[in-house]
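Let's take a walk through a protein together. Have the sequence and the 3D view open, and look up each residue as we come to it.

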Amino acid sequence: MIRPRTAVAALGLSAAALVGLVLHEGYSDRAIIPVKGDVPTLGFGSTTRADGSPVRLSDTTTPPQALARALRDVQQFEGALKTCVTVPLAQHEYDAYVSFAYNVGPRAFCQSTLVKKINTQDYSGACQELLRWRFFQGQDCAAPANARLCGGLAKRREAEYRQCIGEAAP
């Protein structure tokens with residue numbers, strides 16, 4: 001099925017994609033360091049508090065607070081996407097890219113080869129770029145030896161890729 005592309009300014013994250021995003025992130029009611037060497041996160045992977053300051057290891061949250069924070073974070077990442085993507089996208093592409101931006105941050109997203117490919121309307125190539133972002137601290141998270149360290153990252157990129165090409169939900 002061919003899915004229409006729409007101006008990015010007219011798109012918003014779908015409810016299914018929001019559920020997928022928070023499932024990828026996982027939930028913690030207290031700040032944790034998700035993998036050795038990472039920054040503290042809280043709730044559904046938020047790295048900042050409501051006031052914009054960094055999460056501290058002593059911070060706690062509740063599920064409603066964490067979901068509200070994730071929604072605010074999503075709006076920030078949607079804003080970045082809408083700033084640096086200049087061509088129309090299909091809803092499934094948009095959802096995949098918001099999840100990706102949520103994970104890597106707006107600056108890394110906007111400066112990526114992925115965005116350069118999107119903006120030249122190399123939609124297939126842009127989706128393929130998602131699979132290249134599977135490294136953490138120089139380790140290939142798709143390698144079986146690194147499954148405990150960061151295997152979830154490789155699974156997330158594969159899910160974002162499948163969503164991007166229109167094969168599956170997040």
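A residue is called buried when its relative accessible area is under 20%, exposed when that value is over 50%, and partly exposed in between. Please keep in mind that this is a predicted model. With a relative accessibility of 23%, R49 therefore counts as partly exposed.

Now look at the partner of R49. Its side chain meets that of D59 in a salt bridge, at 3.0 Å from N to O. Both residues sit in the loop between β2 (41-43) and α2 (63-84), ten residues apart. D59 is buried, as its relative accessible area is 9%.

Why can such pairs form? Side chains of opposite charge can pair when their charged atoms come close. The count of salt bridges comes to ten. Another one joins K117 and E129, whose closest N and O atoms are 3.3 Å apart. K117 belongs to helix α5 (residues 113-119) and E129 to helix α6 (residues 123-130), so this pair ties together parts that are twelve residues apart in sequence. Here K117 is partly exposed at 26%, whereas E129 is buried at 5%.

Finally, visit two other spots. A9, in the segment before α1 (15-25), is exposed, with a relative accessible area of 68%. D95, in helix α3 (residues 91-104), is buried, with a value of 5%. Leaving aside residues up to four places away in sequence, D95 touches G12, L13, S14, A17 and Q163.

Notes:
Residues numbered from 1 in each chain as written. Predicted model: local features only at pLDDT ≥ 70, side-chain atom pairs only at ≥ 80, totals over all residues. Heavy atoms only, no water. Helix = DSSP H or I, 4+ residues; strand = E, 2+ residues; numbered from the N terminus. Buried < 20%, exposed > 50% of the residue type's maximum accessible area, 1.4 Å probe, protein only. Contact = heavy atoms within 4.5 Å. Salt bridge = Lys/Arg side-chain N within 4 Å of Asp/Glu carboxyl O.
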